[in-house]
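Keep the viewer open as you read.

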Amino acid sequence: MAFWLERSERLFGKEGIERLGRSRVAVFGLGGVGGYVVEALARSGVGTLDLIDNDTVSITNLNRQIIALHSTLGQKKTEAAAQRVLDINPEITLHLHDCFFLPETAETFDFTAYDYVVDAIDTVKGKIALAVQAEKAGTPILSSMGFANKMDPTRIQVADIYKTSVCPLAKAMRTGLRKAGVSKLKVVYSDEAPLSASASERDENGMRVIGSNAFVPAAAGLVLAAEVIKDLAGY
């Protein structure tokens, strides 16, 4: 039987594939962006993944999240992602964390254990805490900015947070990171202005319901994964 990573090895070389196999990556957030990050990391042969999320798969996830299927509705997102990953690579090592990452829970994670951290969560405080913890540990981190209410995946870019524009989440992050003393952060963002009006409404609990689709978050997730994989493989 052919080596399952044969086609990848033709691009990254044997050494690159071995580096990926030795790597441990933590993915915080398994939604529309994070789910595609996990998918690409698993298919690229990353040896160990930490999957962090406290949400369950809901019917409104079906339009954009790769782990969302009718067969996974109601499952914990960590479990749904784990099942999918193990079906891709049964030999992968998984660590599941059923929790939301917040400043209050930051100390429960050992960032020195990771070769790379992917931030695909939504809260500004949590994202800033991730950047601070990764910097303290000397661990590379890549952070996802806002991709809801957007329609053009060709506007996705990779940049330092202080060189971003347009994205409201990136603006809030720049302010918070300055206060936290973080001088740089590699991010994936879009310079497309977010849509408004009917794309954002309030639910019965007063929470903002944002519009999203099957292609912009997915494209962002694959760009995030590509940056991580290339860095780990030494490409």
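D55 is partly exposed, with 34% of its relative accessible area open. Here, buried means under 20% relative accessible area, exposed means over 50%, and partly exposed is in between (1.4 Å probe, protein chains only). The side chain of D55 meets that of K77 in a salt bridge, 3.6 Å from N to O. For a salt bridge, a side-chain nitrogen of Lys or Arg has to sit within 4 Å of a carboxyl oxygen of Asp or Glu. K77 lies in helix α3 and D55 in the loop between β2 and α3, so the pair ties together parts that are 22 residues apart in sequence. K77 itself counts as buried, at 4% relative accessibility.

A quick word on ground rules: this is a predicted model, in which local features need pLDDT of at least 70 and side-chain atom pairs count only at pLDDT 80 or more, while totals for chains, interfaces and linings use all residues. Residues are numbered from 1 along each chain as its sequence is written, and side-chain values use heavy atoms, with hydrogens and water left out. Helices (H or I, at least four residues) and strands (E, at least two) are DSSP runs, numbered from the N terminus.

Now for N61, which sits in the loop between β2 (48-52) and α3 (77-88). N61 is buried, at 5% relative accessible area. Its side chain reaches the backbone nitrogen of S58 at 2.8 Å. If you skip the neighbours within four places in sequence, N61 is in contact (heavy atoms within 4.5 Å) with T56, A68 and K77. K77 is also the salt-bridge partner of D55.

Back to the charged pairs. Side chains of opposite charge can pair when their charged atoms come close. The structure holds 12 salt bridges, and these are three of them:

| Pair | N to O distance |
|---|---|
| K77 and D55 | 3.6 Å |
| K127 and D119 | 3.0 Å |
| E227 and K230 | 3.7 Å |

Are K127 and D119 buried or exposed? K127 is buried, with a relative accessible area of 0%, and D119 counts as buried at 0% too.

E227 and K230 both lie in helix α6 (residues 216-233), 3 residues apart, about one turn of the helix. E227 is buried at 16% relative accessible area, whereas K230 counts as partly exposed at 31%. Salt bridges that share partners join K186, E227, K230 and D231 into one network.

K186 brings us to strand β7, which covers residues 186-190. That strand is mostly covered, with 4 of its 5 residues buried. Which strands pair with β7? Two strands pair if DSSP finds at least two bridges between them. Strand β5 (residues 141-144) runs parallel to β7 and is joined to it by 3 bridges, with S144 opposite V188. Strand β6 (residues 156-160) runs antiparallel to β7, with 5 bridges between them, and I156 stands opposite S190.

One last stop is M151, in the loop between β5 and β6. M151 is partly exposed, with a relative accessible area of 48%. Together with L195 and F215, M151 makes a nonpolar surface patch of about 290 Å². Patches are made of residues with over 30% relative accessible area and no salt bridge; like charges are joined within 9 Å, and nonpolar side chains (Val, Leu, Ile, Met, Phe, Trp, Tyr) within 5 Å. The areas come from the Shrake-Rupley method with a 1.4 Å probe, and for residues only the protein chains shown count as cover.

Methods. Polar contact = N/O pair within 3.5 Å; in protein donor to acceptor, adjacent residues only side chain to side chain.
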